[in-house]
Structures are given as C-alpha cells and as structure tokens.
Amino acid sequence: MTSQPEFTNNTSISRFKSKQKKQLNTDALIKGILNKDRRCLSQAITLVESTNTKHSQKANTILKTCILHTKPSIRIGITGVPGVGKSTFIERLGSYVLQQGKRIAVLAVDPSSSVTKGSILGDKTRMPTLAKHEQVFIRPSASGETLGGVARKTRETITLCEAAGFDVIIIETVGVGQSETAVHSMVDFFLLLKLAGAGDELQGIKRGIIEMADAITITKADGTNVKPAELAKAEFNKALHLYPKKPSGWLPRVTTCSALEQKGIENIWEMITEYSALTTKNNHFLSKRKAQNKFWLVQTIEHHLKSNFFNHSEIKEAFQEQLKRVETNKTTAFAAAEYLLQKFSSKNI
C-alpha cells in the first residue's frame, strides 16, 4: 500500500483554513442572515459566543447591522425541571406553529458539567422532526457558568434570529437554579411546565417562579396521569388567586397537555397569541421589551467590569496576596475588597 504524499495533507489543511477565513467574512454573514440563510446565522452565532477578541469585534459589527433589520417576533421562554418533557413539548408545539406558516428558532441551553465544563448539546436529537424542517433553526448552547444556566450570549442570538426573519423564538432553559429569572428577562411570554404529583401544588409553588409565569402547563396528561393532571391543574389555579394582578393585564392560566397524544397543544398556542394581542393593544408588549433592553445593558456592563477586573494582570497578583491575608485573618474581606477596587480604579481611570 502506498502512503499519501505529505503535501496532500498540507493542501487539505490550507483549503480548510481558507474556508474558515471565508466563513468569518462579516459582510457575507450579514448578507446571508438577512437572506434567511441558516448556515450564515449559525456561523454568526458562533462568533457571538466566542471569547476571542477578534471574533467579538466581528460579532459586534454583525449585531450593529442586524439590529436595524430585526423583524417582529414573539419570544417564548419555556422552563421546567429535568424530566418534565421540555424538548418533546417544544417538538409538538413547534410542529403545530409551523402549520400556521411561521418560521421557528429554538435556542436551547444545555447544562455544562461543573467538572469538565462540557455539554452534550443533544437538542437536535431530541427534536428530530423540527431539526429536519427548513423553516426551523435549532441552536443548542452550553450554559457554562452563567446566571442560572442561561448562555451569556442568548440575548444577542435572539437579535440575529429576528434579523433572519424568524417569527417565533423559543428559549428552552435547563430548568435549574435561577435560569427562570434570566429567561424571563428576555422573553415576551413565560411558560412553566409542571408534572402532576411533584408536590409543588401542595406547597403553593415557589413564589418567584409563579409570579413570573404567564401560564402553567401540566405535561404528560395521558393514560393514568389524566386524573392527577386535572387535580394538579385545580390546585395550581387556586394558588394563582393568591398572587397580585400582573402589570400586563394578563391573567395567568393553567392548562394540561399530552405531547405524546398531541392534546392541548393547539390551546396553548392560541393562548400565546391571545396574550400577544392583548399586550400589544395595551402597549405592555413594547414597554416590557424596552425595560428588558435596559436590564441587559446593565448586565453587559457588569459582566465586562467583572471580566476586566479579574483578568487585569496586576489585580490577579494583588488578589492572591489579599486572599492569603484574609485566610490568615490579617485583614477582613471587606477591607481587602476595598483595597483591590481602589487599586483597579487607579489603573483604569
């Protein structure tokens, strides 16, 4: 057997690098996004998620242009504990919405391992029907160490998807910690999925989550679970009356559904469109988005300040010194923090 000449491999590598450079052309990516090219959209999101400085600069250029071309959309946040059936539910809901002539983007955040920092990113395998449809874009992202497991760049990704003309943008969370808070700050409609018999209905459910939810859906309401689901629905409805009226003027509802039997899906979509119509009419839809923009401005500033602080070469060294002093009780945590912040300010102002 003869071996391949070495120059063949070098040629392949050169072609690959050339292709990669072509993929990172901002003008081509912008044009592709505005022409609804999913491949260009995916490449642009990769730039947005990258921590490489050059990539960040290109991503900002793309975002500045794309934000001027965003199309009206409805952003739906879907959360629930692992095992509640989020991916299967989204598969069924998305399939129904497609029948209404809508284009759908699903931004799914996969939990990252605290040890290896890796993620499975298997949402496309859990949504096989949607993944194959040309009017659907599914983008799994690793949660990393961001707030509540929501990818740090999800907010910017939404902008790119709206520029690409997607009518419905669904954000699926990992369903742990404070992910609900972060997702609520970037969506129009917040849907909480629950399982019957989980015990939450007896506790009156966690106040913070129920206050954010625009609707609660009891999943897997099929077979022997039908009666427990109806009982859970009644209990959740009682709990909802304990909470004050939402500023949107919308009264949160509780529904049941079976993704397996495709029951209740149509009612949920009708509820979402009804919510959109109501909040658009009373101007809450627009005012909420403005408030969210302000929130993410502050969040972005805080992130950059934190990043600049801990990545500053002199601060890194001083931080270790102060850390040792705190550990040996030679100073307090508050005094050490004040010292470090003053030192950082003198280097940057």
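Reader: In this predicted model, are Trp250 and Tyr275 buried or exposed?

Author: Take Trp250 and Tyr275 together, as they form an aromatic pair. Buried means under 20% relative accessible area. Both residues are buried.

Reader: Which geometry does the pair of Trp250 and Tyr275 have?

Author: The ring centres lie 5.4 Å apart. Planes over 60 degrees apart count as edge-to-face. The planes of Trp250 and Tyr275 stand at 85°, so the pair is edge-to-face.

Reader: How many residues apart in sequence are the parts that this pair ties together?

Author: Trp250 lies in the loop between α11 (226–240) and β7 (253–256). Tyr275 belongs to helix α12 (residues 265–281). The pair therefore ties together parts that are 25 residues apart in sequence.

Reader: Phe295 and Trp296 also form an aromatic pair. Which of the two is buried, and which is partly exposed?

Author: Their rings are edge-to-face, 5.3 Å centre to centre, with 90° between the planes. Under 20% relative accessible area counts as buried, over 50% as exposed. Phe295 has 31%, so Phe295 is partly exposed. Trp296 has 15%, so the buried one is Trp296.

Reader: Which ring does the charged end of Arg103 sit over?

Author: A charge over a ring must be within 6 Å of the ring centre. The charged end of Arg103 is 4.1 Å from the centre of its ring. That ring belongs to Phe166.

Reader: Which helix gives the most to the lining of the second largest pocket?

Author: The pocket holds about 380 Å³ of space. α10 (207–212), α11 and α13 (284–311) each supply at least two lining residues. With three residues, the top contributor is α10.

Technical notes. Residues numbered from 1 in each chain as written. Predicted model: local features only at pLDDT ≥ 70, side-chain atom pairs only at ≥ 80, totals over all residues. Heavy atoms only, no water. Phe/Tyr/Trp six-rings, centres within 6.5 Å; stacked < 30°, edge-to-face > 60°. Helix = DSSP H or I, 4+ residues; strand = E, 2+ residues; numbered from the N terminus. Buried < 20%, exposed > 50% of the residue type's maximum accessible area, 1.4 Å probe, protein only. Lys NZ or Arg CZ within 6 Å of the ring centre and 35° of its normal. 1 Å grid on protein atoms, 1.4 Å probe; cavity = no way out; pocket = protein on both sides within 12 Å on 5 of 7 lines; lining within 4 Å. Points joined across faces, edges and corners; volume = space filled by probe spheres on them.
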